[in-house]
Amino acid sequence: MLRLTNVSKEYPRSGAALRDISFEMRKGEFVFLVGHSGAGKSTLLKLLSMAERPTTGELRISGFSSLSIKQREIPILRRRLGIVFQDFRLLPDRTAEQNVAFALEVTGAPHAQIRPKVARLLTQVGLASKATAFPHELSGGEQQRVAIARALANDPFVLLADEPTGNLDDRATHAIFLLLREINAQGTAVLMATHDVAMIQRSNLRFLELDHGELVHDGTDVARLLAD
Ligand code: ADP
Ligand code: ADP
């Protein structure tokens with residue numbers, strides 16, 4: 001489903017952001033991506049959405065290869081991915097339901113299907129009662145639920161979440177994590193970048209640990225996180 005083979009990424013002035021990374025993720029897996037600020041987490045997620053290309057090595061995702069994907073194919077790949085950001089990135093002048101509908105409109109979904117699908121997605125994320133609220137009327141946790149509903153709109157096979165709980169308090173963090181677990185239980189793979197070592201320790205799930213661009217752990221050995 002997704003595989004990196006000896007992937008490195010260098011930026012012109014800052015040098016190596018990722019060094020010789022290899023791993024794969026299977027269909028329906030839940031994987032954390034952990035590491036200090038600057039470790040390369042966002043860079044890795046941007047490579048997966050082909051917003052950036054590796055400097056060397058190969059990345060394969062959903063049948064596309066970083067070595068051969070064409071510029072015009074990138075939007076096709078993006079539609080198969082759900083992307084969630086730390087800062088939500090909702091359109092401020094649109095309601096929750098309009099934000100979710102927008103993701104369907106831009107991919108040319110049949111008009112008659114949009115309304116019922118938006119309602120279903122908002123129900124799935126527990127926000128049916130706030131469908132007509134604007135982002136500024138919602139808490140951070142609620143805004144992130146809208147962003148997750150939007151990310152799910154085109155039935156992605158994987159959700160790429162870049163510190164989705166980074167702006168949330170403990171309670172909202174826990175709720176969003178549970179929501180991502182539920183979405184995963186229904187078959188969508190999730191790759192979740194986080195600083196939250198305690199969350200990883202409690203959950204006993206696979207994690208990838210980056211340190212200065214190197215993949216220093218791929219597994220479930222949380223004892224090493226305690227040591228940091
Ligand atoms: P993280 O998400 O783990 O905080 P990043 O992937 O954002 O880490 O950054 C990894 C390294 O790459 C950092 O040293 C950062 O300064 C550098 N970097 C990230 N994006 C760019 C860019 N667009 N241009 C130059 N350097 C970048
Ligand atoms: P940047 O954050 O480098 O300014 P943009 O916000 O312009 O990039 O995003 C351009 C596209 O790149 C987004 O639509 C998204 O597909 C992808 N992208 C940006 N940041 C990430 C990320 N952290 N994880 C995954 N994909 C990303």
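**Ligand sites and a helix pair**

Around ligand 2 lie Leu 45, Lys 46, Ser 49, Ala 51, Arg 78, Ile 83, Phe 85, Arg 89 and Asp 162, each having a heavy atom within 4 Å of the ligand. This is a predicted model, in which local features need pLDDT of at least 70 and side-chain atom pairs pLDDT 80 or more, while totals for chains, interfaces and linings use all residues. Residues are numbered from 1 along each chain as its sequence is written, chains are lettered from A and ligands numbered from 1 in the order written, and side-chain values use heavy atoms, without hydrogens and water.

Polar contacts here are pairs of N or O atoms within 3.5 Å. The side chain of Ser 49 places an N or O atom 2.8 Å from a nitrogen atom of ligand 2. Oxygen atoms of ligand 2 are 3.1 Å from a polar side-chain atom of Arg 78 and 2.8 Å from a side-chain N or O atom of Arg 89.

Ligand 1 has among its surrounding residues Tyr 11, Ser 14, His 36, Gly 38, Ala 39 and Lys 41. A side-chain N or O atom of Ser 14 is 2.6 Å from a nitrogen atom of ligand 1. Backbone N or O atoms also take part: that of Gly 38 lies 2.7 Å from an oxygen atom of ligand 1, and that of Ala 39 lies 3.2 Å from an oxygen atom of ligand 1.

Helices are DSSP runs (H or I, at least four residues), numbered from the N terminus. The axes, lines fitted to C-alpha atoms over the stretch in contact with angles from 0 to 180 degrees between N-to-C directions, of H3 (residues 96–105) and H5 (residues 140–152) come within 8 Å and cross at roughly 25°. H3 and H5 are therefore roughly parallel, the term for angles under 35 degrees.

Conventions:
Helices (H or I, at least four residues) and strands (E, at least two) are DSSP runs, numbered from the N terminus. Angles under 35 degrees count as roughly parallel, over 145 as roughly antiparallel, 65 to 115 as roughly perpendicular and the rest as oblique. A polar contact is a pair of N or O atoms within 3.5 Å; within protein, one must be able to donate a hydrogen and the other to accept it, and residues adjacent in sequence count only if both atoms are side-chain atoms.
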